[in-house]
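Me: Could you walk me through this protein structure step by step? I am new to this, so please show how each answer is reached.
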Amino acid sequence: MRFDLPEGLRLVHEMRIPVRWGDLDAMGHVNNTLYFRYFEILRVDWLGRLDARPDRAGVGPVMANGFCNFIRQIGFPGDVVARHYVAAPGGKSLDTYFTLAAADAPEAVAANGGATLVWFDFPGKKTVALPGHVRRACS
């Protein structure tokens with residue numbers, strides 16, 4: 001099953017991630033599980049820039065779901081151009097989307113995917129409203 005990224009997304013962050021030798025599988029390309037790790041590296045870097053990382057003693061995002069469409073292989077050596085997009089935020093959640101491409105062909109998307117983040121009060125074990133500064137960063 002393939003999930004298409006919606007139209008009208010806002011690019012909020014981009015970074016390069018080096019492909020490590022250990023990221024490869026027996027077939028000589030980046031292992032499928034690493035695509036999710038690249039999404040996570042990108043998402044956590046963006047959240048850190050917003051001062052919105054999870055805080056065990058407070059509030060922060062938790063991932064409610066995630067998906068990845070594998071389009072073409074990524075090899076070694078090289079870097080991945082990772083782009084992070086957002087949709088209009090909800091009251092307590094935010095849909096995030098990602099694209100990955102080899103740095104030597106940055107417009108040829110190798111994978112895309114997404115994740116829904118829900119803001120959570122960790123001590124209280126309940127969802128809470130999306131913080132205003134996160135909402136503003138998505139507008």
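Here are some questions and answers about this predicted model.

Me: Is T99 buried or exposed?
Reply: Happy to start there! T99 is found in strand β4, which covers residues 93-102. Its relative accessible area is 11%, and buried means under 20%. Therefore T99 is buried.

Me: Which residues is T99 in contact with, leaving aside its neighbours within four places in sequence?
Reply: Contact here means heavy atoms within 4.5 Å. With those neighbours left aside, the partners of T99 are L5, V81, A82, R83, Y85, V109, A111 and N112.

Me: What is the relative accessible area of T33?
Reply: T33 has its place in helix α1, residues 32-49. T33 counts as partly exposed, a class that runs between the 20% and 50% limits. The value for T33 is 49%.

Me: Which side chain makes a polar contact with the side chain of T33?
Reply: A polar contact needs a pair of N or O atoms within 3.5 Å. For T33, the contact is at 2.7 Å, and the partner is the side chain of N31.

Me: How many Å does α1 reach from its first C-alpha to its last?
Reply: Helix α1 has 18 residues. At 1.5 Å a residue, the expected span is 26 Å. The model comes close to that, with a reach of 27 Å.

Me: Which strands do the buried residues of α1 pack against?
Reply: Let's look at the helix residues first. The buried ones are L34, Y35, Y38, F39, L42, R43, W46 and L47. The strands that the buried residues of α1 pack against are β1, β2, β3, β4 and β5.

Me: Which element gives the most to the largest nonpolar core?
Reply: That core has 19 residues, and V19, V30, Y35, Y38, I74, V80 and L100 touch the most other members. Two or more residues come from each of β1, α1, β3, β4 and β5. With 5 residues, the element that gives the most is α1.

Me: Why does the salt bridge of R83 and E14 tie together parts apart in sequence, and how many residues apart are they?
Reply: The closest N and O atoms of R83 and E14 are 3.0 Å apart, and the two form a salt bridge. R83 lies in strand β3 and E14 in strand β1, so the parts tied together are apart in sequence by 69 residues.

Me: Which residue meets R16 in a salt bridge?
Reply: R16 counts as exposed, at 53% relative accessibility. The N to O distance in its salt bridge is 3.5 Å, which is inside the 4 Å limit. The partner of R16 is D79.

Me: Which residues are linked with E14 in a network of salt bridges?
Reply: A search of the whole structure finds 7 salt bridges. Some join up into a network, where E14 is linked with R83 and E107.

Conventions. Residues numbered from 1 in each chain as written. Predicted model: local features only at pLDDT ≥ 70, side-chain atom pairs only at ≥ 80, totals over all residues. Heavy atoms only, no water. Helix = DSSP H or I, 4+ residues; strand = E, 2+ residues; numbered from the N terminus. Buried < 20%, exposed > 50% of the residue type's maximum accessible area, 1.4 Å probe, protein only. Polar contact = N/O pair within 3.5 Å; in protein donor to acceptor, adjacent residues only side chain to side chain. Expected span 1.5 Å × (residues − 1). Core = buried A, V, L, I, M, F, W, Y, C linked by side-chain atoms within 4.5 Å. Salt bridge = Lys/Arg side-chain N within 4 Å of Asp/Glu carboxyl O.
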